[in-house]
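Hi,

Here is the structure I promised to pass on. Have a look at it first, then read my notes below.

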Amino acid sequence: MSLFKHPQRVEKRAINLTSWSAFDGLQSTAGEAVSVTSALGLPVVARAVSLISDMGATLPIDVYRRGANGAPVEVDPTPVLVAHPSSVVSERVWRHQLFMSWLLWGNAYGLVLTRDGEGNPTTVEWLDPAAVTVDESSTLRPPVFRVSGRLIAPDELLHIPGKHILPGSAIGMAPLDMHKETIGLGIAARNFGAKWFGDGAHPSAILMTDQAVTEEQADRGKKRFVRAISKTREPAFLGGGVKYQPIQVPANESQFLETQEQ
């Protein structure tokens, strides 16, 4: 049965987006979980997704049908699904959501809420792709879709796969899965840099003495020295043969800067 030709009366279905679960993420070799949230935390990913989605959402759309002689004939008036596809968000935001689904999950899943008198969809709300599970038990049969565990009839769901579709499958490959290791490495490098500058990945200095000291004396001396220089630029005075040796380790020696430039 065709999605766009399903004669029936105009109808509405209730939808509750808040009940659908979030994407848990994929574990990368770098030890970082790659999820939608963590991936968008990388500026390069966020900027790319935002740029493409914004451009796609603002492009003009003209609708044509094939004429009797094969020449395109513009459809007037514009179909409702193109002009006003959602009852929740604007047409621009609706298209932005479509590109976000493609770019992050590789698929867009829309729940058909209303149809016109001829059975054509007039209102489609995009679902959180993380809540959609797909069963492709056979390449000779259409996939079975479930939303939060609930079986969805084919004429209830509008599925538009993204760019990369493997032979024998109807489901687009998720870019987050395809580039999991690269994104995971970027997240690990960012977190390492934050930790480096936040609390240092090495001791800032060494207090040395040629005299024998106990662990308690060393701990007490260190705390006194830290208190003496904390929040002040006054010179410190060290007695008892104690010497101060600062440690300066450039961040690029750990290849952090080089990793960030990849």
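**What I found**

Let's start with a hairpin: β5 and β6 have five residues between the strands, and Gly119 there takes a positive phi near 90 degrees. Strands here are DSSP runs of E with at least two residues, helices are runs of H or I with at least four, and both are numbered from the N terminus.

Before going on, keep in mind that this is a predicted model, where local features need pLDDT of at least 70 and side-chain atom pairs count only at pLDDT 80 or more, while totals for chains, interfaces and linings use all residues. Residues are numbered from 1 along each chain as its sequence is written, and side-chain values use heavy atoms, with hydrogens and water left out.

β5 (residues 107–115) pairs with β6 in the antiparallel sense, over five bridges; two strands count as paired if DSSP finds at least two bridges between them. Leu111, for example, has Glu125 in β6 as its bridge partner. How many residues of β6 (residues 121–126) are buried? Six of six, so to speak mostly covered. Buried means under 20% relative accessible area, exposed means over 50%, and partly exposed is in between (1.4 Å probe, protein chains only).

Next, have a look at helix α2 (residues 43–58). Its 16 residues should span 22 Å at 1.5 Å a residue, and its end C-alpha atoms are 22 Å apart, which agrees. (The expected span is 1.5 Å times one less than the number of residues.) Which residues of α2 are buried? They are Val45, Val49, Ser53, Gly56 and Ala57. These cover an arc of only 95 degrees around the axis, so they sit on the same side of α2; the arc is taken from the directions from the helix axis to the C-beta atoms. They pack against α1 (36–40) and α4 (91–105), with contact meaning heavy atoms within 4.5 Å. The face turned away from that buried side carries the exposed residues Val44, Arg47 and Leu51.

Leaving out residues up to four places away in sequence, His159 touches Asn107, Ala108, Tyr109, Phe145, Ala170 and Ile171.

As for the whole chain, it has eight helices and twelve strands, and buried residues make up 29% of its 262 residues.

Cheers

Note on methods:
The expected span of a helix is 1.5 Å times one less than its number of residues.
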